[in-house]
Amino acid sequence: MSEPDVQASDEERAPLAATPASTLPRGEAVPPETIRGLRPRRDPVRVLVGAAALAFVTFGLPGMIDRFWLQIVTSVVIYSIVTLGLGLLIGRAGMVSLCQFLLLAIGAWVALRLDFATSLPFPLLVLSAGVVTGLIGALIGLPALRLSGLYLALITLMAAGAITVVLRIAQFPNGGGGFFGNSAAGGASSRLPRPAIATGDTAYFRYCIAVAVLMFLLALWHVRGKPGRAWAALRQSQATAIAAGVNVTLYRLWAFALASFMAGVAGALLAAASGGVNINQFPVQNSILLLAVVLMGGVYSLGGAVVAALLLRLLPALLDDWGVSTELLTILFGVGILQVLLTAPGGLVDQVPKDLANLGRGLRRLVGPRRAGDEAPPP
Amino acid sequence: MIEVEGLTVRFGGVVPIDDMTLTLSGGTCGLIGPNGAGKTTFFNVLSGFVKPVAGTVHAFGDDLLAIADYRRARWGLRRTFQTEQAIADLSVFDNVLLVRENTEGGRATQRRDVMDAVAFVGLAPEANRRVGTLGAAQRRLVEVARAVVGRPRVVLLDEPAAGLPDDETEHLGRLIRRIPDEVDASVVLVDHDMSLVSACCATTAVLDFGKLIASGTTADVLRDEHVIRAYLGTEEEV
């Protein structure tokens, strides 16, 4: 294994400190512009297909479905921002949070109250909701500096419970005005006025897609950049990260803050969606559901967030439409999560393409002549 | 130049380092001793993972123990781990970049510094490969590259040759010998491979049960009868 090292050495062993820029020992084997850290293979076909799919969903889809399904896909888009944040937290930073669903409520609350108290434009409302929720999330993440795994999950679940209690006491959101959004009549929902450019349902759907795309770019920027590398070190071992000079406290809290920022942004968007938000929308157990779909979707790739949001919002609506009891969903998710944990840590987004490829190979073998090169698909 | 005075570490009733006073001069110093002698604990004190109950550590005049653990890399303290800890999910380049971007030095020379360090250990052709796909010897080299990138002042190598075949160890030894001059950093080498230690280190200190039992030029130390009794056994093959 030392062969390449020995061969490459003569030229490269120029003194490190005194190497002038012109004679940098960049091996001939690797042109400098290709050295840019590990990149997933980005073949242009996939990028094109992705862009085409996005364009279709944005411009084609709203014309093909009725108002009900448009609301559903809008909420899929909004929830994909939440699952994106939680996926980053779990897959990249290696920490678990069970309070993201309740942070969604916080985001909605902040946006609604800010709208009540100020005349901020909609994008700033969304941003402020994200920032405030991010700060609260970082506070909840403080125990993560000492705890991890199950204990951290429990702490965040308790935080979720505490937020629920506060929401119950404050009777938020039930359609009223004022700081608490409290109306004596009760039972109604609160809705944030939409931006002037996106008052219609279709326009608002596109608006949400634009925000979601921004969030995915933000996530990508983090994953590919300095925070992504620091999180990779942290995930492997805290000692390694410290020895590399990584400020462990900062990056742990930053991961929590980022995930919570995204939840807050989604909360603000949700508050302006059709029907607004109401008090029955944020039960604690949904936090666990959220964790389940995020794990099922896949936490190691950003696409997993979209799959997770589809599982969370579209699947129940579909089952309902087909007349299947949505109670079945709990069982389905239970089986799904076992399946993912046991056989596909990369989640559905990673597993399905592989399974399809295996299936294709299997079918080819069934119908075609048996070739020596075909190996059995992995179990 | 590291000056250790009266250093004591206690884990409950166990005292892995007991009132240790030691000066490690520049260049490459060896640190040897039987298992449990306190070598790795000493490194962990330097890294900030273990807090001593007494004693001081000064490196190049700075009070090392007063610096926050993660800031010590920025100060210039680097280390490798006994069980190799190159980050499997990142490429070779990103592994080294991680250290460079979290320590001192401007962004202008960042890429060049990283590639210099990668080339220093001879991994330039593998720069884009994921560390998880490399062999054990190459992952060790990634750790060394992480230790020399930027402006290190003290490089701690904790059994870098553990588990390596002889030819890889020799290659590693050649690299280690180049560090003091070419990277301008002091090296402290812990290893059980006496031929590696004597090939790399001008001076060597010997620990046993948390106490310093000998120090001096490597050749003298390895002839010292206390050392032979405590560590090397009776065979004088060294």
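**Note on the strands of chain B and a helix of chain A**

1. Asp19(B) is partly exposed, because 14 other C-beta atoms lie within 10 Å (a residue is buried if 20 or more other C-beta atoms lie within 10 Å of its own, exposed if 12 or fewer, and partly exposed in between, with C-beta atoms placed from the backbone). Asp19(B) belongs to strand E2 (residues 14-24) of chain B, and its phi is near 50°, a positive value in a residue other than glycine. Helices (H or I, at least four residues) and strands (E, at least two) are DSSP runs, numbered from the N terminus.

2. This is a predicted model, in which local features need pLDDT of at least 70 and side-chain atom pairs count only at pLDDT 80 or more, while totals for chains, interfaces and linings use all residues. Residues are numbered from 1 along each chain as its sequence is written, and chains are lettered from A and ligands numbered from 1 in the order in which they are written.

3. Phe60(B) also has a positive phi, about 50°, although it is not a glycine; this residue lies in the loop between strand E4 (54-59) and strand E5 (62-63) of chain B, and Phe60(B) is partly exposed, with 14 other C-beta atoms within 10 Å.

4. Strand E1 (residues 2-11) of chain B pairs with E2(B) in the antiparallel sense over 6 bridges, where two strands pair if DSSP finds at least two bridges between them. Ile2(B) stands opposite Leu24(B) in E2(B), and in E4(B) the bridge partner of Ile2(B) is Ala59(B), E1(B) and E4(B) being paired in the antiparallel sense over 5 bridges. The hairpin of E1(B) and E2(B) has 2 residues between the strands, and in this hairpin Gly12(B) takes a positive phi near 60°.

5. An open sheet of 6 strands in chain B has the order E6-E7-E8-E3-E9-E10, with mixed pairing. Its edge strands, each pairing on one side only, are strand E6 (77-79) and strand E10 (211-217) of chain B. Within chain B, strand E3 (residues 28-32) and strand E8 (residues 186-190) pair in the parallel sense over 4 bridges, and Val188(B) in E8(B) is the bridge partner of Cys29(B).

6. Helix H10 (residues 248-271) of chain A has 24 residues, which at 1.5 Å a residue should span 34 Å, and its end C-alpha atoms are 35 Å apart, which agrees; the expected span is 1.5 Å times one less than the number of residues. Of the 24 residues of H10(A), 20 are buried, so this helix is largely enclosed by the rest of the structure.
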